[in-house]
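Hi everyone, thanks for coming. Please have a look at the structure on the screen, and then I'll walk you through a few parts of it.

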Amino acid sequence: MTRSLSLLRHRLLARCQLVAFALAIFTLCASTARGQGRTIVIDAGHGGHDRGGVPGQRVSEKMMTLDVAQRLRSVLQARGYRVVMTRNSDVFIPLGTRTSIANSYRGATFVSVHFNSASRSGANGIETYYYRRDSGGLAASIHRNVVAIAPTENRGIRRRAYFVLRRTNNPGVLVECGFLTNPTEARYALNPSYRQRLAEAIARGIQRLPSGPNKPLTAGSAASADVLAPTISGPDVVRAAPRVRHYRSSRSKKSARTRSKKSSTPKKKRKRSSSTIIQVDWRPC
Ligand SMILES: [Zn+2]
């Protein structure tokens, strides 16, 4: 009797060990499967002598972008992604080097992290850029998730030929995480927990996860991003004429001047979506 009880106990113990081993393997596989081995190249905007933003700006953009990028790396690595950073310290990396890094990983996804600035302190909000046609869905997903956690305006998604987006051979997105020249948004950015939330939102966007409960459907709200997202086949989701200065080559500046001339045509001849037009008094940084 004692011997049979001992045998039973031994078998139960063996089964428990087997179940624990299977659970460990499942957890490991699930973690890897979420990232599916995808490579994400994270580009922290600016660095070194390039502070980003506008002259005299109090909050340094280069440090905010680096912090969010490093947080994003941690989140993605924990979810099974392979992460490459274009910079991991306060150093200046030329734009061409950034795209070379991105292009050396075939099939990678490029995500450039920036904060915005403007001469007018009232300018605020989140905006996201893409260039390649195959990047629209990614831009919409990241934008939707970031807007969902940011207590600010939704400035929309735009297609623009910024250097790092145009010269990258893989899908790429540039996200502007708020205006550091806006006192309220600068205060948000200076809060480490807010930067963590930004990083987690970008990560959810990369994973194409739902953004959760949306803000009320009003002009410029988070919910309007959901409305805009399916229409990304056009040239611009949000039509605007920003004064674009950097992240463009001389050729793209020339095409910008051409577009500027076209924009001087009478309004009645231009086809626009009235619900997506916004006033622009800023420049992407
Ligand atoms: Zn910037």
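Let me start with a word we'll need: a residue is called buried if 20 or more other C-beta atoms lie within 10 Å of its own, and exposed if 12 or fewer do. Keep in mind that what you see is a predicted model.

So, is tyrosine 162 buried or exposed? Tyrosine 162 has 24 other C-beta atoms within 10 Å, so it is buried. You'll find tyrosine 162 in the loop between strand S5 (154-159) and helix H5 (163-166). Leucine 174 is twelve residues away from tyrosine 162 in sequence, and their C-alpha atoms are 8.9 Å apart in space.

Now try glycine 96, which sits in helix H3 (residues 95-103). Glycine 96 has 11 other C-beta atoms within 10 Å, so this one is exposed. Along the chain, glycine 96 and threonine 168 are 72 residues apart, yet 9.5 Å separates their C-alpha atoms.

Let's step back to the whole protein. There are nine helices and six strands, and 39% of the 285 residues are buried. If we take contacts between residues at least 6 apart in sequence, 81% of them join residues at least 24 apart.

In general, a pair of packed helices is described by the angle between their axes and the distance between the axes. Here the axes of H4 and H7 come within 7 Å and cross at roughly 150 degrees. Angles over 145 degrees count as roughly antiparallel, so that is how H4 runs relative to H7. The crossing of H4 past H7 is right-handed. On the H4 side, the residues that meet H7 include Ser141, Ile142 and Asn145; on the H7 side, Leu198, Ala201 and Gly205 are among those taking part. Sorted by type, the residues of this contact are eight nonpolar, three polar and three charged.

Terms used
Residues are numbered from 1 along each chain as its sequence is written. This is a predicted model: local features need pLDDT of at least 70, side-chain atom pairs count only at pLDDT 80 or more; totals for chains, interfaces and linings use all residues. Axes are lines fitted to C-alpha atoms, for helices over the stretch in contact, and angles run from 0 to 180 degrees between N-to-C directions. Helices (H or I, at least four residues) and strands (E, at least two) are DSSP runs, numbered from the N terminus. Angles under 35 degrees count as roughly parallel, over 145 as roughly antiparallel, 65 to 115 as roughly perpendicular and the rest as oblique. A crossing is left-handed if the near helix is turned anticlockwise from the far one by less than a right angle, and right-handed if clockwise. Two residues are in contact if their C-beta atoms, placed from the backbone, lie within 7 Å. Ala, Val, Leu, Ile, Met, Phe, Trp, Tyr, Cys and Pro count as nonpolar, Asp, Glu, Lys and Arg as charged, and the others, Gly among them, as polar.
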